[in-house]
Amino acid sequence: MIPIVKVDPAEPAISLTWMLGSRCNYNCMYCPSELHDSTSLHPSLETLQTIWRNFYNKTHYQLMPYKISFTGGEVTANRSFLPLVSWLKDQYQVDKIIVTTNGSASKNYYLKLAKLVDAISFSTHSEFFNEREFFLKVQAVNDTMIRPQKSVHVNIMDEYWNQDRIKMYKDLLDINNVSYSVNAINYDVKIRDFPVQKGQLNLAA
Ligand code: SF4
């Protein structure tokens with residue numbers, strides 16, 4: 001057997017996942033409490049800029065492009081997020097920015113974000129989301145983030161109670177040519193045994 005000696009990324013880059021904070025406006029039953037809460041303070045723009053500068057100062061000697069994946073909590077719930085992304089693009093020429101969101105911000109918000117970042121992943125969380133609004137936003141953003149330069153993806157959470165509607169989501173995304181995956185859920189870390197169903201399941205069959 002030939003041992004693996006070294007693995008080089010296809011495109012050399014400093015690649016990081018930046019968890020912006022654990023504050024989230026949803027409370028999904030399968031999401032562990034260390035990944036979401038309703039009380040922690042959103043870090044300010046100044047705090048986030050300081051975190052970035054410290055990281056940048058320690059890494060920029062490598063002369064490689066940066067690829068940042070933002071996650072939370074819910075990043076769009078922090079009002080400093082858009083200004084942070086704008087600042088990073090202006091001041092640091094970050095090569096790639098990828099955002100994961102629960103889709104709860106407004107359509108206008110996502111259209112602004114779409115101009116700044118390279119990829120947006122929307123995740124379905126049927127306990128809390130408004131189905132119709134969610135997919136209208138996905139469609140609007142997908143229409144502006146044209147491949148191969150940009151991309152939109154939908155993470156359909158494979159919620160056991162929502163199997164019938166997941167089929168609808170897949171059909172809708174297929175028809176509209178939107179990328180998606182059905183994501184397995186680890187219920188071992190659940191915070192309660194039942195879904196609360198505070199969302200609106202209002203997509204017409
Ligand atoms: S939207 Fe995401 S971060 Fe928020 S509770 Fe649900 S899974 Fe956790």
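This is a predicted model: local features need pLDDT of at least 70, side-chain atom pairs count only at pLDDT 80 or more; totals for chains, interfaces and linings use all residues.
**View 1. Ile68 sits in strand β2, which covers residues 66–71.** Leaving out residues up to four places away in sequence, Ile68 touches Leu16, Trp18, Trp52, Leu88, Val94, Lys96, Ile97 and Ile98. Take a look at Ile97 in particular: Ile68 and Ile97 are 29 residues apart along the chain, and their C-alpha atoms are separated by 4.9 Å.

**View 2. Ser151 belongs to strand β5.** Is Ser151 buried or exposed? Ser151 counts as buried because its relative accessibility is 18%, and the cut-off for buried is under 20%. Once neighbours within four places in sequence are set aside, Ser151 is in contact with Asp118, Ala119, Ile120 and Met145.

**View 3. Helix α4 runs through residues 131–144.** Its 14 residues reach 21 Å from the first C-alpha to the last, close to the expected 20 Å. Which residues of α4 are buried? They are Glu131, Phe134, Phe135, Lys137, Val138, Ala140, Val141 and Asn142. Among the elements that cover these buried residues are the helices α3 (107–116) and α5 (163–175), together with the strands β4 (119–124) and β5 (151–157).

**View 4. The ligand takes up the space of the largest pocket.** Which residues surround the ligand? Look for Cys24, Tyr26, Asn27, Cys28, Cys31, Leu35, His36, Gly73, Asn102 and His125.

Terms used
Residues are numbered from 1 along each chain as its sequence is written. Side-chain values use heavy atoms; hydrogens and water are left out. Helices (H or I, at least four residues) and strands (E, at least two) are DSSP runs, numbered from the N terminus. The expected span of a helix is 1.5 Å times one less than its number of residues. Buried means under 20% relative accessible area, exposed over 50%, partly exposed in between (1.4 Å probe, protein chains only). Contact means heavy atoms within 4.5 Å. A residue is near a molecule or strand if one of its heavy atoms lies within 4 Å of it. On a 1 Å grid over the protein atoms alone, a cavity is a set of points where a 1.4 Å probe fits but cannot get out, and a pocket is an open set with protein on both sides within 12 Å along at least five of seven lines; lining residues have an atom within 4 Å of a point. A molecule sits in a cavity or pocket if more than half of its atoms lie within 2 Å of its grid points.
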